[in-house]
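Hi,

Here is the structure I promised to pass on to you.

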Amino acid sequence: MDLYSEIIVDYAKLKKYKKRMDDADTVREGVNLSCGDEIKLYVKVRDGKMESLSFEGKGCIVSQASTNLMIERVLGESLENIHEILENVKRMVKGEEYDKNLLKNVSIMENIRSYPNRVKCFMLAWRTLEDALKELNRG
């Protein structure tokens with residue numbers, strides 16, 4: 001799929017998850033200095049599952065679409081499944097074999113690996129989520 005296809009642009013414009021969350025368990029900021037993308041990710045976990053996730057921030061089409069795709073994919077999932085999803089996302093961007101069924105709509109961006117300068121944009125939300133989950137595990 002083209003990096004700027006209509007569905008990716010639609011995900012970038014999606015406002016459903018773009019909001020502050022006052023009762024988040026943790027808040028993590030992520031920055032991609034090479035493109036200027038910035039996100040603040042609000043994470044709420046209940047009973048080992050992702051109960052709520054939202055973000056604030058600005059960035060390019062790739063980073064904004066990726067953030068919305070990520071939130072849509074991991075909401076309601078167990079933390080164990082989220083770790084497996086994260087590993088599969090990393091494999092996808094490296095061009096390695098990954099589970100498309102597990103990633104669902106996220107796989108529409110599998111061609112991101114063909115744009116090395118955009119991989120950081122795509123991975124910003126995923127790395128920020130990974131950091132947030134590590135922080136929750138420490139707490």
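Let's start with Lys90, which is partly exposed at 22% relative accessibility; that label covers everything between buried (under 20% relative accessible area) and exposed (over 50%), using a 1.4 Å probe and protein chains only. Keep in mind that this is a predicted model, where local features need pLDDT of at least 70 and side-chain atom pairs count only at pLDDT 80 or more, while totals for chains, interfaces and linings use all residues. Residues are numbered from 1 along each chain as its sequence is written, and side-chain values use heavy atoms, with hydrogens and water left out.

Which residue forms a salt bridge with Lys90 at 2.6 Å? That is Glu130, with the 2.6 Å taken between the closest N and O atoms. A salt bridge here is a side-chain nitrogen of Lys or Arg within 4 Å of a carboxyl oxygen of Asp or Glu. The pair ties together distant parts of the chain, since Lys90 is in helix α3 and Glu130 is in helix α5, 40 residues apart. (Helices are DSSP runs of H or I with at least four residues, strands are runs of E with at least two, and both are numbered from the N terminus.) Is Glu130 buried or exposed? Glu130 is buried, at 16% relative accessible area.

Lys90 also has a salt bridge to Glu87, at 3.3 Å from N to O. Both of these residues sit in helix α3, 3 residues apart, or about one turn of the helix. An α-helix has 3.6 residues a turn, so residues three or four places apart point the same way. Glu87 is partly exposed, with 34% relative accessibility.

How many salt bridges does a search of the whole structure find? The search gives 12. One of them joins Arg46 and Asp25, whose closest N and O atoms are 3.1 Å apart.

Now for the inside. The largest nonpolar core has 41 residues, and Met50, Leu53, Phe122, Trp126 and Leu129 touch the most other members. Such a core is a set of buried Ala, Val, Leu, Ile, Met, Phe, Trp, Tyr and Cys residues joined through side-chain atoms within 4.5 Å. Helix α5 gives the largest share, 10 residues.

Helix α5 has 23 residues and spans 32 Å from first C-alpha to last, close to the expected 33 Å, which is 1.5 Å times one less than the number of residues. There is also a kink of about 45 degrees in α5, centred on Met123; the bend at a residue is the angle between axes fitted to the seven residues ending there and the seven starting there.

Asp47, in the loop between β2 and β3, has a positive phi of about 50 degrees although it is not a glycine, and Asp47 is exposed at 83%. Lys104, which is not a glycine either, also has a positive phi of about 50 degrees; look for Lys104 in the loop between α4 and α5.

Cheers
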